[in-house]
Amino acid sequence: MTELAAPAALSALLTAPGVTDVLINGTEAVWVDGAGGLRRVAVHLGDQAAVRSLAVRLAAQGGRRLDDAVPTVDVHLPGSIRMHAVVPPVAPAGPLISFRIFRRQALTLADLTAHGTVSAAGAEALRALVGARVNLMVSGATGAGKTTLLAALVSLAAPTERVVVIEEAQEIVTSHPHCVRLEARNANAEGSGSVTLTDLVRESLRMRPDRIVLGECRGEEVREVLTALNTGHDGSAATIHANSCGDVPARLVALGSLAGLDGRTVAVQAAAALGAVVHLARAADGVRRVTELAAFELAGGELLARPALSFQGERLVEGEAWPALARRLERA
Ligand SMILES: Nc1ncnc2c1ncn2[C@@H]1O[C@H](COP(=O)(O)OP(=O)(O)O)[C@@H](O)[C@H]1O
Ligand SMILES: [Mg+2]
């Protein structure tokens, strides 16, 4: 593996076990996120010029430029690290560098149960959803553990199935034996050569997928996703950014409008395409937990996410949408 062009103190933080994010706030402070939540560490990386040149050097290592003309960058670095950096004057108090470290090992659903993310009964319900090929959305805030849960769910697909994973950057690590990946690409410095998520969802349909997995649905690709799922790719899944299951319909409508779809069209298509949404939240104690499961429904032309299960410790509390979903799981 290529060595990262970073000072030893920073490299040590980036490779420390359990660390998920390292945040450099100019010359002010360095913060680290991990199992115990966000904490400040006593690491000093020099003056503004030194922090800036660190960001520029790392951006260059990832093949990107960072300077007065292009003051923000988002780049992949060796060691499964993504770096975002923004330099003055856009960051007036000094360069802000955010590293995200991607887990290299697949977490299984059993691992997530061991971490307190989902109870044994909750894991059983998720297993049944994947087994029944219910199209799933995994929702939550940034860092809630959506991608990690999605990867664990992908691993549960039958080994006889072919899974096509589409991502902006390679994040999903799964143990599934027949999983192929597509990765979107930004345009080059001349503005050509971009391959978008929308392109890739379309391409994936010609690759004989049994299941299509989209790392994150966050833009106009929602139109292709809804089309794909409405044309017989049951058992597909994606993550989506939302604060609760109940917020997912509005989020889908907002994404749909980016693709030129009106709210009603999104509602009709999503209600037909999507089976359920699983929500994750990170609690104050730093533990990421599955909190609720909801089912989509069309009511008076509007998309609703109706409560199916509430995950309360070891207990699953059934909601109004559970009986219909449970019948579907039993039939499968
Ligand atoms: N259930 C979990 N238990 C412990 N660590 C987790 C769990 N889920 C995610 N993580 C870690 O938290 C970080 C953020 O998770 P990720 O799945 O990328 O979140 P999101 O996709 O919601 O932004 C990752 O580094 C991951 O390894
Ligand atoms: Mg994610």
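Biologist: How many residues surround ligand 1, and which of them are the closest?

Modeller: This is a predicted model, in which local features need pLDDT of at least 70 and side-chain atom pairs count only at pLDDT 80 or more, while totals for chains, interfaces and linings use all residues. Residues are numbered from 1 along each chain as its sequence is written, and chains are lettered from A and ligands numbered from 1 in the order in which they are written. Ligand 1 is surrounded by 15 residues, a residue being near a molecule if its C-beta atom, placed from the backbone, lies within 6 Å of it. The closest are T20, G145, K146, T147 and T148.

Biologist: Which helix gives the most to the shell around ligand 1, and how many residues of each class does the shell have?

Modeller: Helix α5, residues 146-154, gives the most, with three residues. Helices (H or I, at least four residues) and strands (E, at least two) are DSSP runs, numbered from the N terminus. By class, the shell has two nonpolar, ten polar and three charged residues; Ala, Val, Leu, Ile, Met, Phe, Trp, Tyr, Cys and Pro count as nonpolar, Asp, Glu, Lys and Arg as charged, and the others, Gly among them, as polar.

Biologist: At what angle do helices α8 and α9 pack?

Modeller: Two packed helices are described by the angle between their axes and by the distance between the axes. Axes are lines fitted to C-alpha atoms, for helices over the stretch in contact, and angles run from 0 to 180 degrees between N-to-C directions. Here α8 (residues 248-258) and α9 (residues 263-273) pack at about 120°, with their axes 9 Å apart. That makes α8 oblique to α9, since angles under 35 degrees count as roughly parallel, over 145 as roughly antiparallel, 65 to 115 as roughly perpendicular and the rest as oblique. Their crossing is right-handed; a crossing is left-handed if the near helix is turned anticlockwise from the far one by less than a right angle, and right-handed if clockwise.

Biologist: Which residues of α8 and α9 meet?

Modeller: From α8, L252, V253 and G256 meet G263, V266 and A270 of α9 (contact requires C-beta atoms, placed from the backbone, within 7 Å). The residues of this contact divide into four nonpolar, two polar and no charged. In α9, the buried residues are V266, A267, Q269, A270 and A273; a residue is buried if 20 or more other C-beta atoms lie within 10 Å of its own, exposed if 12 or fewer, and partly exposed in between, with C-beta atoms placed from the backbone. Their cover includes α7 (222-229), α8, β13 (288-299) and β14 (302-312).

Biologist: Are α6 and α7 roughly parallel or roughly antiparallel?

Modeller: The axes of α6 (residues 197-204) and α7 come within 8 Å and cross at roughly 15°, and the two helices are therefore roughly parallel to each other. Residues T198, V201 and R202 in α6 meet E224, V225 and A228 in α7. By class, that contact has three nonpolar, one polar and two charged residues.

Technical notes. Two residues are in contact if their C-beta atoms, placed from the backbone, lie within 7 Å.
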